[in-house]
Amino acid sequence: MAGLHVESEQEPLLGDTPGNREWDILETEEHYKSRWRSIRILYLTMFLSSVALYFFLQIDQTADASFLGWVIASYSLGQMVASPMFGFWSNYRPRKEPLIVSIFISVAANCLYAYVHIPASHNKYYMLIARGLVGFGAGNAAVIRSYTAGATSLQERTNSMANISTCQALGFILGPVFQTCFAFIGEKGVTWDVIKLQINMYTTPALLGAFLGILNIILIFAILREHRVDDSGRQCKNINFDEASTDEVQAPQGNIDQVAVVAINVLFFVVLFIFALFETIITPLTMDMYAWTQEQAVLYDGIILAALGVEAVVILLGVKLLSRKIGERAILLGGLIVVWVGFFILLPWGNQFPKIQWEDLHNNSIPNTTFGEIIIGLWKSSMEDHNERPTGCSIEQAWCLYTPVIHLAQFLTSVVLIGIGYPVCNLMSYTLYSKILGPKPQGVYMGWLTASGSGARILGPVFISQVYAHWGPRWAFCLVCGIVMLTITLLGVVYKRLIAFSVRYGRIQE
């Protein structure tokens, strides 16, 4: 087939063909179409994986409260271990192999979760294993990003990475919708005695997640092909690419800027760290500040997080257009500043204080009883009447007595700003990272980036829960503001080094 010149300014719209575009880089029409079919199947892979992942992240009521933290952490631990492994694998073998294996592991984990009720004892350990395996399977995010980075030119990169993030966000938006529908099945549901399968509101999401995983494997196996292009969009010879073409070029030689690589890993860690701690603190914060019951907090905060997902999709679509005008580095800096402002607004000021649970204790106390007896009495009464649990800021948290309330307007304004800054910083971090690494296989590096994000999701909740419980929101958010300010300073120091590999070596003009 005759060669065609492709202008790789942006990802083509669905249905675009080389025949209606201006061409300036040699690429065959067949290769062009195959390349974008493969990239789009990864968009769908990320979407289906995100929907299935949301189902699995909803822990049911069979999880023991003291064991819940380990169950939650096991997902991030699994992903942190798997990401570099799958990344290394993708550098030396066809990338559909680690993708299919990782999704198969997630399917097996969902099936295991559906049967955790069968063992007579130690069910929670099976739940822990299942959750860890799902996290292990989620390590394929490194492969998806490395494939996308290797199969797109510099001009196509930001759009493609933004589409991956958008598909992920859409998955987490639609996940709650399906989850709500499954609630009508009820806790009892029905039992399929032949295979000893209980189909209820907890197992149905896992089974649907397994089905989506199988569908994902079929699509990857049937459609995904290996493609690599250099930063200009020309085909590269690669051990994963077995098509011969006289138009292929060898990947450019040169050293990766390791300082820039480490800096982006630190930036990505902080970005996920602050969002993980924000997700963790939102429920106890609203319960303490606004005297919401646990049920109210779960409902309202769930609505807020769902709105953040919608906001993220809109922001990501806008960033694709904005990045062409001002560049990824400036957008990343702006996103960090917006996040800093968001947490600064959360600092408590004024003379109004939150409602204290001690008032409920006082009103329900009995003369000549010890404090422990009062607590026991309240606990018993709460078991009898769920709606009469004390609300407000717990007297056990000494800071409740002297820390001003965070007004609802403050909180909502902060939520909007953090919802703007987080997706921007997240997208720009790994977009810049992929450009810094250049056209060489990026699997291992992307694996380390994903692992750093997983570590942040482990440490973020631990950090904020300890600081918030002992010192309160003022100290907690002051420390977060300090961390973000240090990150902005780091970005300023390495700002000039965060340039694409080919730009650094003068092969492409910035």
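The following paragraphs describe a predicted model of a single chain, from its overall make-up to individual residues.

Residues are numbered from 1 along the chain as its sequence is written, and side-chain values use heavy atoms, with hydrogens and water left out. Because the model is predicted, local features are reported at a pLDDT of at least 70 and side-chain atom pairs at 80 or more, whereas totals for chains, interfaces and linings use all residues.

The chain contains 16 helices and four strands; these are DSSP runs numbered from the N terminus, with helices (H or I) of at least four residues and strands (E) of at least two. Of its 510 residues, 52% are buried, where buried means under 20% relative accessible area, exposed means over 50%, and partly exposed lies in between, with a 1.4 Å probe and protein chains only. The accessible surface amounts to about 23,500 Å², and carbon and sulfur atoms supply 65% of that area; accessible areas come from the Shrake-Rupley method with a 1.4 Å probe, and for residues only the protein chains shown count as cover. Contacts are heavy atoms within 4.5 Å. Among the contacts with a separation of 6 or more, 79% join residues 24 or more positions apart.

Confidence is expressed as pLDDT, the predictor's confidence in each residue on a scale from 0 to 100. The chain has a mean pLDDT of 78, and 78% of its residues reach 70 or more. For residues 59-66 the pLDDT stays under 50, and the model gives this stretch 11 contacts beyond four places in sequence. Residues 238-251 also have a pLDDT below 50, with 33 contacts in the model beyond near neighbours in sequence.

Charged pairs come next. A salt bridge is a side-chain nitrogen of Lys or Arg within 4 Å of a carboxyl oxygen of Asp or Glu, and by this rule there are five. One of them joins the side chains of Arg93 and Glu97, at 2.7 Å from N to O. Arg93 is partly exposed at 43% relative accessibility, and Glu97 is likewise partly exposed, at 23%.

Another salt bridge pairs Glu226 with Arg95, with 2.9 Å between the closest N and O atoms. This pair links distant parts of the chain, 131 residues apart: Glu226 lies in the loop between helix H7 (203-223) and H8, and Arg95 in the loop between helix H2 (65-92) and helix H3 (96-114). Both Glu226 and Arg95 are buried.

Arg497 and Asp257 form a further salt bridge, their closest N and O atoms being 3.1 Å apart. The two partners are separated by 240 residues, with Arg497 in the loop between helix H15 (473-494) and helix H16 (501-504), and Asp257 in the loop between H7 and H8. Arg497 is partly exposed, with 38% relative accessible area, whereas Asp257 is buried at 6%.

Two other buried residues illustrate contacts across the sequence. Ser34 is located in helix H1 (residues 29-57) and is buried, with 12% relative accessibility. Leaving aside residues up to four places away in sequence, Ser34 touches Arg225 and His227. Pro404 occupies the loop between helix H12 (371-384) and helix H13 (408-437) and is buried at 4% relative accessibility. Beyond residues up to four places away, the contacts of Pro404 include Met289, Trp349, Phe353 and Arg474. Pro404 is also 9.2 Å from Leu347, C-alpha to C-alpha, at a sequence distance of 57 residues.

On the surface, Leu174, Val177 and Phe178 form a nonpolar patch with about 240 Å² of accessible area together. Patches consist of residues with over 30% relative accessible area and no salt bridge; like charges are joined within 9 Å, and nonpolar side chains (Val, Leu, Ile, Met, Phe, Trp, Tyr) within 5 Å. Val177 belongs to helix H6 (residues 154-182) and is partly exposed, at 46% relative accessible area.

Most residues other than glycine have a negative phi. Ala291 is not a glycine, yet has a positive phi of about 55 degrees, and it sits in the loop between helix H8 (258-290) and helix H9 (294-326). The structure has zero disulfides, a disulfide being a pair of cysteine sulfur atoms within 2.5 Å. For Cys481, the closest cysteine sulfur is that of Cys478, and because the two sulfurs are 6.4 Å apart, they are too far for a bond. Cys481 is buried at 7% relative accessible area, whereas Cys111 is partly exposed at 34%.
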